[in-house]
Amino acid sequence: MRYTYAQRRMMEMYRLDVYRGMKAVGRIGRWGIPELPSDEQQTDFDGLVAYNEIRGKDLSRMGVHFFIDDYQFERLWNNPYKYRDELRGAGAVLTPDFSLYADMPLAEQIYNVFRNRVVGAFFWNLRMNVIPTVSWSDRRSYDFCFEGVEVGSVVAVSDNGCLATEEARRLWMEGFEEMKRRIRPKLILMYGSGRELEGEENIRYFKNGNIERLRGYGR
């Protein structure tokens, strides 16, 4: 089927090309969120590097994470074809961590989960080693924030900016426990402090490189 220029632009704007591809292979779940396969996930990379710091780096033994401000990776949603080659050789690619905040409208939160999984599906279709990034806001988000992640998957989470107050810490820990209950992950990649997870099993910890550098400057 041939599309007009306007139709192609609409498909690109809403990433309908990726959505239809996943639908064709039966990998669309609730809310129309793509389901990311987990059977070929690999975790034998050496560390994690932020997407905004990959330039000039050998990524073959590294995983690329998106635990940074959304504006620094919004371009991946807007035009993933333009930026795919910069990630193609990475040891792993985590899905973009589009923000979920408790005071955001639920419609916007669902949309950000959708975008997370759609970009992940795009990477997966390119045969990249994709690891879903899972995040949540409050209990209302549990109805959709774990969609598109297979039970038993390797997942990535972060507590960056989530432990500033007692209420924030409580919400993050409640969501973490709910994530474990629903997904039953084979392995959790934890980026950040991880200070609330002492005694947890099946977790691989990665320090926040920016915080570590700031600590170094203060010595």
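This is a predicted model: local features need pLDDT of at least 70, side-chain atom pairs count only at pLDDT 80 or more; totals for chains, interfaces and linings use all residues.
Residues are numbered from 1 along each chain as its sequence is written, and side-chain values use heavy atoms, leaving out hydrogens and water.

**View 1. D159 sits in the loop between β5 (154–158) and α6 (166–183).** Helices (H or I, at least four residues) and strands (E, at least two) are DSSP runs, numbered from the N terminus. With a relative accessible area of 4%, D159 is buried (under 20%; exposed means over 50%, partly exposed in between, with a 1.4 Å probe and protein chains only). Leaving aside residues up to four places away in sequence, D159 touches W172, M190, Y191, G192, S193, G194 and R195 (a contact means heavy atoms within 4.5 Å). Look also for the side chain of D159 reaching the backbone nitrogen of G194 at 2.9 Å. From D159 to M173 the C-alpha atoms are 9.3 Å apart in space, and the two residues are 14 apart in sequence.

**View 2. Four strands form an open sheet in the order β1-β2-β3-β4, with parallel pairing.** At the edges are β1 (47–50) and β4 (130–131), each of which pairs on one side only. Two strands pair if DSSP finds at least two bridges between them. Strands of a sheet pair through backbone hydrogen bonds, either parallel or antiparallel. Here β2 (residues 62–65) and β3 (residues 92–94) run in the parallel sense, joined over 2 bridges. To find your place, look for V64, which stands opposite V93 in β3.

**View 3. The largest cavity has a volume of about 60 Å³.** A cavity is a set of points on a 1 Å grid over the protein atoms alone where a 1.4 Å probe fits but cannot get out, and its lining residues have an atom within 4 Å of a point. Grid points are joined across faces, edges and corners, and the volume is the space filled by probe spheres set on the points. By this rule there are 2 cavities of 30 Å³ or more. The lining of the largest cavity consists of P37, D39, E40, Q41, W124, M128, N129 and V130.

**View 4. The second largest cavity holds about 50 Å³ of space.** Around the second largest cavity you will find F98, L100, N112, V113, N116, R117, T133, V134, S135 and C145.

Technical notes. A polar contact is a pair of N or O atoms within 3.5 Å; within protein, one must be able to donate a hydrogen and the other to accept it, and residues adjacent in sequence count only if both atoms are side-chain atoms. On a 1 Å grid over the protein atoms alone, a cavity is a set of points where a 1.4 Å probe fits but cannot get out, and a pocket is an open set with protein on both sides within 12 Å along at least five of seven lines; lining residues have an atom within 4 Å of a point.
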